[in-house]
Amino acid sequence: MNGQAETRITERNRARAARMKAAIFVEPGRIVLDEKPVPEIGPLDALIRITTTTICGTDIHILKGEYPVARGLTIGHEPVGIIERLGSAVQGFQEGQRVVAGAITPSGHSAACLCGCLSQDGPDTKYGFKPMGGWRFGNTIDGSQAEYLLVPDAMTNLAPVPDDLSDEQVLMCPDIMSTGFSWAESGGVRIGDTVAVFAQGPIGLCATAGARLMGATRIIAVECVPERQQVARSMGADEIVDFSKEDPVDAILRITDGRGVDVAIEALGRQSTFEAALRVLRPGGTLASLGVYSEDLRIPLGPFVAGLGNHTIVTTLCPGGKERMRRLMSVVASGRIDARALVTHRFRLEAIEEAYDLFAHQRDGVLKVAITP
């Protein structure tokens, strides 16, 4: 074989090696596994090799066309991986180090970040705020359902994983646990509070756990699926209301002897659950909402008390950054929460289309799926 032929073969092999498998949004109703180039990193970035990721309910909104993203985008925002390459300006990390990055990846230097509003990060805007600007993975840049992921602003967003924690133990930290806890935090749950959590999907379950950690002493979980009811009890629910058997508003008011709850957490993103959460609030209570809504919400006049009930309605997009991830992993390491129960199914990346079909149709008792190479 002559030298020119060998050179051509080497170049083809390099080109092949510089490509990766990724779950790509094609059009509403279609996310497929395909190949695309491995990302090139800048001075402040890191490239991580994904070891475990998962599918989120928000990804299903994208799949259905209910939340718009660019065609050709790699989906996913919950990465656990190993640093493959570091940008020339990145300090404090090493290649080969095991890390997580949050679903929210703030720049760390915008006006929003500097006032503590990391999820609304807008470093390239006039005033430094941008709605949902901190959510970049699988939204405005390529995401984590791939073999490799570019992490922007690596020194702000990468957090080392303790050696004694497995991938599945920390898999919920980037989004589900952070989001669920943020509801309890933004809702201002206090010691001795009574809290209702509407829907016990993965985020609702983490909201239940977060309410317990914040000091709530009576947590009412609204859920009809027996398997989820069981997990809810293990995560801290004291009472279960099965909405398929009774009206949840009537049940919660009965349980609280007509008082209502201090904090109601809406974890589904539907008009019916939002309204029910408002109806069970005591005067002066707080409704913490982060359902991803796909249509306009209406506030009913009666439970809103014509605007005179001293209610607080707060929306939340979970914070990001490495300190948030460190704190969440500390909660896991302490044994105060074990999120491994949320991983009900496991798939290889090559079978991610099958995983999407299962998760989108909520078959076989699925809560969360772990996706590995």
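The 38 positive and 45 negative charges of the chain have mean positions 2 Å apart; Lys and Arg count as positive, Asp and Glu as negative, with His and the chain ends not counted. This is a predicted model, where local features need pLDDT of at least 70 and side-chain atom pairs count only at pLDDT 80 or more, while totals for chains, interfaces and linings use all residues. Numbering runs from 1 along each chain as its sequence is written, and side-chain values use heavy atoms, leaving out hydrogens and water.

As for the fold, you're looking at 13 helices and 15 strands (DSSP runs: H or I of at least four residues for helices, E of at least two for strands, numbered from the N terminus). The radius of gyration is 22 Å, close to the 21 Å from the globule rule for 373 residues, so the chain is as compact as a globular protein of that length. Both are C-alpha based or rule-based: the rule is 2.2 Å times the number of residues to the power 0.38.

Buried means under 20% relative accessible area and exposed over 50%, with partly exposed in between (1.4 Å probe, protein chains only). By that cut-off, 54% of the 373 residues are buried.

Now for helix 9, residues 248-255.

| Side of helix 9 | Residues |
|---|---|
| Buried residues | Pro248, Val249, Ala251, Ile252, Ile255 |
| Exposed, turned away from the buried side | Asp250, Arg254 |

Down the helix axis, the buried residues of helix 9 fall within an arc of 165°, so they line one face. They pack against several elements, including strand 8 (194-198) and helix 10 (271-279), with contact meaning heavy atoms within 4.5 Å.

Key: Charge placed at Lys NZ, Arg CZ, Asp CG, Glu CD. Arc of directions from axis to C-beta.
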